[in-house]
Amino acid sequence: MDLHDLISPDAVMPALLVDDKKQALQAMAETAGRLANIKWRDVYAAVCQREQLGSTGVGRGIAIPHGRLAGLARMTCVFARLEKPVAFDSVDGDPVDLMFLLLAPENAGAEHLKALARIARVMREPKAAEKLRASRDRAALYAILTQPSLAELPKAG
């Protein structure tokens, strides 16, 4: 599974200006709701319910809030580059400025976990976060997010 299977150019929020975690999640839920043709409040409730189990701030300024929703037709992902970092209760205590909101249908099973793993792999790329933080252009951010990873190319023989 590649990120281009999960995210579309209109799901990239290049310069989101918010004051806190709640505002970031609400803004991203609104975008995800519009893209998936579902109520944004349902999206927000699903990700907040997951956040209550533990923060999805994975460290190094990155968060991957996610949830499952009944009635969702297919997986939906929204990316936001925050103009200023917000407190997120991340595992390393650092504020977050790069966020992926991932929604999966209620019965997605392993596909949901594969999508989360794919996002994590992209963000492990040494320069990925640096490149994402350096751009405010939607098309450039989308290109960075969906470029094939050098680490995943087959090795010559």
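Residues are numbered from 1 along each chain as its sequence is written. Because the model is predicted, local features need pLDDT of at least 70 and side-chain atom pairs count only at pLDDT 80 or more, whereas totals for chains, interfaces and linings use all residues, and side-chain values use heavy atoms, with hydrogens and water left out.

The protein chain contains five helices and six strands, where helices (H or I, at least four residues) and strands (E, at least two) are DSSP runs numbered from the N terminus. Along the sequence these elements are arranged as β-α-α-β-β-β-β-β-α-α-α. The radius of gyration, taken over C-alpha atoms, is 15 Å, which agrees with the value near 15 Å for a compact globule of 157 residues; the globule rule is 2.2 Å times the number of residues to the power 0.38. The C-alpha trace spans about 50 × 35 × 30 Å along its principal axes.

Of the 157 residues, 48% count as buried, that is, under 20% relative accessible area, with exposed meaning over 50% and partly exposed in between (1.4 Å probe, protein chains only). The chain exposes about 8,200 Å², of which carbon and sulfur atoms supply 52%, the areas coming from the Shrake-Rupley method with a 1.4 Å probe. The mean positions of the 21 positive and 19 negative charges lie 2 Å apart; Lys and Arg count as positive and Asp and Glu as negative, without His and the chain ends, and each charge is placed at NZ of Lys, CZ of Arg, CG of Asp or CD of Glu.

A search of the whole structure for disulfides (pairs of cysteine sulfur atoms within 2.5 Å) finds zero. The sulfur of C48 has its closest cysteine sulfur in C77, at 17 Å, and is therefore too far away for a bond. C77 itself is buried, with a relative accessible area of 1%.

A115, in helix α3 (residues 110–124), is likewise buried, at 0% relative accessible area, and its C-alpha atom is separated by 28 Å from that of D19, 96 residues away along the chain.
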